[in-house]
Amino acid sequence: METHQLILRNLKKVHSEISTACAIAERAPGSVQLVAVTKYAEPSWVQALIEAGHIDLGESRPQQLVQRSGEFSPDVHWHLIGHLQRNKVDLVLPATTLIHSVDSLRLLRKISQSAGDSATPARLLLEVNVSGEESKDGFSVPELQDGWPEILDVDDVVIEGLMTMAPRSDDPEQSRPFFRALCELRDQLVAASARDITLEQLSMGMSNDFAVAIEEGATIVRIGNRLFEGLQRAV
Ligand SMILES: *Cc1c(COP(=O)(O)O)cnc(C)c1O
């Protein structure tokens with residue numbers, strides 16, 4: 001099969017598994033958004049996704065996101081899902097629809113400043129290191145709870161929700177407690193907010209554990225590998 005057919009087949013399978021997970025969780029099928037993670041995808045695969053009508057794409061490296069935003073259709077919604085350094089904020093912000101990976105108050109403030117300068121509020125999610133693994137970026141849970149009033153005070157940003165990654169595992173059930181904890185943390189933060197904020201978006205679940213994430217309330221799943229099954233990267 002050629003690239004387009006493989007990607008169409010994979011997209012269809014993933015969408016159908018998302019629908020099944022929604023049905024199990026008694027959630028509306030349209031309540032979960034798929035972000036196709038293209039960090040390891042060849043340009044031709046990205047193009048095939050876009051031609052298949054899939055325009056929400058996730059990149060983990062700011063530079064690759066910015067570069068690709070200039071190379072593909074301007075209709076693409078680019079999602080930044082990896083670590084962002086403060087000195088790249090000005091570069092990345094104009095190219096990005098949603099930043100999933102805001103992992104410190106310092107970065108949040110830098111984004112606020114940059115968004116204020118361009119008079120366009122920045123849409124973002126706060127990344128939480130729920131598992132506490134040292135190798136992971138993200139606010140720790142206590143850091144987010146304690147810093148919440150200060151975070152809410154930051155202007156020119158729209159904090160739409162939270163993002164997390166579960167520890168690597170072959171068993172998706174191992175991810176469940178981390179996803180559940182993110183959802184509970186969201187409810188706590190909303191309850192502790194002086195102003196109206198819903199934190200509606202929960203970005204959680206990847207190729208191996210997205211069904212479990214949907215059962216636990218994910219509104220955005222970030223999927224790479226599953227969409228590119230059967231494709232060979234050029235070397
Ligand atoms: C790579 C990546 C994904 C996608 O992982 P797959 O296992 O390829 O589905 C999702 N989220 C983040 C933050 C990633 O870096």
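Where is V221 found?

Mentor: V221 is found in strand 8, residues 220–223. Before going further, note that this is a predicted model, in which local features need pLDDT of at least 70 and side-chain atom pairs count only at pLDDT 80 or more, while totals for chains, interfaces and linings use all residues. Residues are numbered from 1 along each chain as its sequence is written, and side-chain values use heavy atoms, with hydrogens and water left out. Strands (E, at least two residues) and helices (H or I, at least four) are DSSP runs, numbered from the N terminus.

V221 counts as buried because its relative accessibility is 0%. Buried means under 20% relative accessible area, exposed means over 50%, and partly exposed lies in between, with a 1.4 Å probe and protein chains only. Leaving aside residues up to four places away in sequence, V221 touches I18, V32, Q33, L34, V35, M204, G205, F210 and I214. A contact of this kind means heavy atoms within 4.5 Å. I18 is one of those contacts; the C-alpha atoms of V221 and I18 are 9.1 Å apart in space, although 203 residues separate the two in sequence.

F210 is another residue that V221 touches. R168 has its place in the loop between strand 6 (157–163) and helix 7 (176–191). R168 is exposed because its relative accessible area is 71%.

Next comes the ligand. The residues around the ligand are V37, K39, I81, M165, M206, S207, R222, I223, G224 and N225; a residue is listed when one of its heavy atoms lies within 4 Å. K39 places a polar side-chain atom 2.7 Å from an oxygen atom of the ligand. R222 has a polar side-chain atom 2.8 Å from a nitrogen atom of the ligand. With G224 a backbone N or O atom is involved, 2.8 Å from an oxygen atom of the ligand. On its own the ligand has 390 Å² of accessible area, and the protein covers 91% of this. Such areas come from the Shrake-Rupley method with a 1.4 Å probe.

The space that the ligand takes is the largest pocket. A pocket is found on a 1 Å grid over the protein atoms alone, as an open set of points with protein on both sides within 12 Å along at least five of seven lines. A molecule sits in a pocket if more than half of its atoms lie within 2 Å of the grid points.

Now for two neighbours in another part of the chain. V130 is in the loop between strand 5 (122–127) and helix 6 (141–152), and S131 lies in the loop between strand 5 and helix 6. V130 counts as buried because its relative accessibility is 18%. S131 counts as partly exposed because its value is 23%. Beyond four places in sequence, V130 touches V141, T164, F178, A181 and L182, while S131 touches K136, P167 and F178. The C-alpha atoms of S131 and F178 are 6.6 Å apart, with the two residues 47 places apart along the chain. V130 and R180, 50 residues apart along the chain, have their C-alpha atoms separated by 9.9 Å. The side chain of S131 also makes a polar contact of 2.9 Å with the side chain of E133. A polar contact is a pair of N or O atoms within 3.5 Å; within protein, one must be able to donate a hydrogen and the other to accept it, and residues adjacent in sequence count only if both atoms are side-chain atoms.

Two helices remain. In helix 2 (residues 43–51), W45, V46, A48, L49 and I50 are buried. Their cover includes helix 1 (3–24), strand 1 (33–37), strand 2 (56–59) and helix 3 (62–71). G53 follows helix 2 and has a positive phi, near 90°. In helix 5 (residues 105–118) lies S114, which is buried because its relative accessible area is 8%. S114 touches V89, D90 and L93, again not counting residues up to four places away.

Most residues other than glycine have a negative phi. A119, in the loop between helix 5 and strand 5, has a positive phi, near 55°. E26, in the loop between helix 1 and strand 1, also has a positive phi near 55°. A119 is exposed because its relative accessible area is 67%, and E26 is exposed because its value is 75%.

Note on methods:
1 Å grid on protein atoms, 1.4 Å probe; cavity = no way out; pocket = protein on both sides within 12 Å on 5 of 7 lines; lining within 4 Å.
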